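Hi there,

Here is the structure I promised to pass on to you. Please have it open while you read, and my notes follow below it.

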Amino acid sequence: MLRNAEETIGNLIDKQGVSFISSVDADGFPNTKAMLPPSIREGIKTFYFHTNTSSMRVSQYRDDPKACLYFCDKRFFRGVMLKGTMEVLEDSSSKELLWKDKYSMYYPLGVTDPDYCILRFTASSGRYYSSFNSQDFDIE
């Protein structure tokens with residue numbers, strides 16, 4: 001039994017150097033991509049990532065917001081899948097909230113670069129795997 005889901009899963013997520021995000025393509029197939037860890041995590045419900053507006057993933061989320069995140073602790077062979085929706089944010093306050101000067105290597109025009117946008121994932125449910133057991137859970 002997963003006692004304190006938010007703490008247990010939050011700790012797992014915070015220790016990972018890679019996030020996996022999934023979208024749905026035009027043919028209804030899942031597409032998964034490795035990303036940097038989330039820039040901001042609010043509990044286990046809301047996650048913010050930065051990415052290129054011109055990316056295939058952004059166009060897929062615009063067409064179908066269904067999304068999935070996966071975090072894996074390979075050392076202890078445990079992981080968590082979160083299901084929910086992904087929004088593409090291009091407003092200046094969202095872009096400024098996440099901006100770091102080091103991002104200019106990806107977005108040379110800075111915080112106002114039209115190829116810089118924010119992905120906001122909102123989880124509705126998840127599945128946690130540890131010690132040969134899986135457990136589904138809902139996220140309020």
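Ser131 is exposed, with a relative accessible area of 53%. Please keep in mind throughout that this is a predicted model. Ser131 lies in the loop that joins S7 to strand S8 (133–138), and its phi is near 50°, a positive value in a residue that is not a glycine.

Phe77 is another case: its phi is positive, at about 45°, and Phe77 is not a glycine either. You will find Phe77 in the loop between S5 and S6. With a relative accessibility of 60%, Phe77 counts as exposed, because the cut-off for that class is over 50%.

**The strands around that turn**

The loop with Phe77 belongs to a hairpin: S5 and S6 form it with four residues between them, and Phe77 sits in the turn. S5 and S6 run antiparallel to each other and pair over eight bridges. One of these joins Leu69 to its partner Leu82 in S6. S5 also pairs with S1, again in the antiparallel sense, over three bridges. There, Ser22 has Cys68 in S5 as its bridge partner.

Met81 is found in strand S6. For Gly126, the C-alpha to C-alpha distance from Met81 is 5.4 Å, although the two are 45 residues apart in sequence.

In soluble globular proteins, nonpolar side chains tend to be buried together. In this model, the largest nonpolar core has 25 residues, and those that touch the most other members are Ile9, Leu69, Val80, Leu82 and Phe137. At least two residues of this core come from each of helix H1 (5–14), strand S4 (46–52), helix H2 (56–63), strand S5 (66–73), strand S6 (78–89) and strand S7 (116–130). Which of them gives the most? That is S7, with five residues.

Apart from neighbours within four places in sequence, Leu69 is in contact with Phe20, Ile21, Phe47, Phe49, Val80, Met81, Leu82, Met86 and Phe121.

**A buried serine**

To finish, here is Ser19, which is placed in strand S1 (residues 19–24). Ser19 counts as buried because its relative accessibility is 0%. What does the side chain of Ser19 reach? It reaches the backbone oxygen of Leu36, at 3.2 Å. Setting aside residues up to four places away in sequence, Ser19 touches Lys33, Ala34, Met35, Leu36, Pro37, Pro38, Phe49, Tyr70 and Phe71.

Best wishes, and happy browsing!

Definitions and conventions. Residues are numbered from 1 along each chain as its sequence is written. This is a predicted model: local features need pLDDT of at least 70, side-chain atom pairs count only at pLDDT 80 or more; totals for chains, interfaces and linings use all residues. Side-chain values use heavy atoms; hydrogens and water are left out. Buried means under 20% relative accessible area, exposed over 50%, partly exposed in between (1.4 Å probe, protein chains only). A polar contact is a pair of N or O atoms within 3.5 Å; within protein, one must be able to donate a hydrogen and the other to accept it, and residues adjacent in sequence count only if both atoms are side-chain atoms. Contact means heavy atoms within 4.5 Å. A nonpolar core is a set of buried Ala, Val, Leu, Ile, Met, Phe, Trp, Tyr and Cys residues joined through side-chain atoms within 4.5 Å. Two strands pair if DSSP finds at least two bridges between them.
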